[in-house]
Amino acid sequence: MTHGDPVIRGDRGTRPAPGLDYTRHALGTIGRATLLAVLLAFFALPLLWLASAPFDTSPSITTSVPEFTLGNFRALLENPYALNSLRNSLIQAGGSAAIVVVLAALAAYALSRVRVPGRDALLYVLLLLSSVVTGTAAMVPLFELATRLNLVDTHLGVILTLSGGLLPAAIFILKDFMDGTPTSYEESARVFGASPLQILRHIVIPLVRPGLATIAVWAVANVWGSFLQPFILLRDPGKAPGAVILYTLYTEGGAPRLDLISAFSLVYSLPVVVMYVFVSRRYGFRFHGGIKR
């Protein structure tokens, strides 16, 4: 309290006047609201541009009221590789997600139920190596391996390369879900002669479906936006995914064609958004496993 602040003196000592408290509270509320508005505008402006630029006859890097047209999408349809790249992205993202979910579920279940010496240390080492040795750093040996296995210029080569980079983190996340499932159900099924794979399929998998859905969406989103591995491994433009084709939507002088880029970006982002909304409504995204006992 400064020397000039009005105070009220009483049995409980001195305290600021009520009007001063209201003023400080109002100023604090206005400050927080202003900061929130600035942050919201910072993140909303790119989305506003993505929503308006595809329908503008001459889009620019600034956000403005568009001169409505569908010509950008018609020009996109005339591109021989644009729509085909979406199919390639679906193949690569779906294949990678399937491999990651299946192998991660099997590995996470084994690591959760079998007491292996140094199990936790192994998981942390795998997670650390997958973060340090990224796809960029490992691209030269991966390309050499793909060449020797005749996987260059194939969807399978891209799927295996991307799946290998996602598996350590997927196993680490799914193990938490597996640890949270009660083992009493499995013991009852084992008494009636169920095999480990039957227990995994009919008991464990239904309990950890939110975790599997989370891993599937996470894998699809990572592969959907991947550029470097497909760009290096694929020679045929007809097999290139959307992230690579987006790189080709420039003029011969290197200037971006904002009309095609904005329209393709909108179309390219819709499948992931729809998948996220569907899975979120059906399962929800929770990075913790288990059920109520």
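Is K175 buried or exposed? In this predicted model, K175 has a relative accessible area of 8% and is therefore buried, since the cut-off for burial is under 20%. The side chain of K175 meets that of D179 in a salt bridge, with a distance of 2.7 Å from N to O. Both residues belong to helix α6, where they are four residues apart, or about one turn of the helix. D179 has a relative accessibility of 36% and counts as partly exposed.

The pair K175 and D179 forms a salt bridge, and the structure holds four salt bridges. Another joins R148 to E144, with N and O at 2.9 Å. These two residues lie in helix α5 and, being four residues apart, are separated by about one helical turn. R148 is exposed, at 66% relative accessibility, while E144 is partly exposed, with a relative accessible area of 40%.

A further salt bridge links E186 with R113, and the closest N and O atoms of this pair are 2.6 Å apart. E186 counts as buried, with 3% relative accessibility. R113, in turn, counts as partly exposed at 22%.

The loop between α5 (139-148) and α6 (155-179) contains N150. D153 is also placed in the loop between α5 and α6. Most residues other than glycine have a negative phi. N150, although not a glycine, has a positive phi of about 60 degrees. For D153, which is not a glycine either, phi is positive as well, at about 65 degrees. N150 has a relative accessible area of 65% and is therefore exposed, the cut-off being over 50%.

On the surface, a nonpolar patch is formed by L35, L39, F42 and F43. Together, these four residues have about 470 Å² of accessible area. One of them, F42, is placed in helix α1, which covers residues 18-52. The relative accessibility of F42 is 60%, so this residue counts as exposed.

Definitions and conventions. Residues are numbered from 1 along each chain as its sequence is written. This is a predicted model: local features need pLDDT of at least 70, side-chain atom pairs count only at pLDDT 80 or more; totals for chains, interfaces and linings use all residues. Side-chain values use heavy atoms; hydrogens and water are left out. Patches are made of residues with over 30% relative accessible area and no salt bridge: like charges are joined within 9 Å, nonpolar side chains (Val, Leu, Ile, Met, Phe, Trp, Tyr) within 5 Å. Accessible areas come from the Shrake-Rupley method with a 1.4 Å probe; for residues, only the protein chains shown count as cover. Buried means under 20% relative accessible area, exposed over 50%, partly exposed in between (1.4 Å probe, protein chains only).
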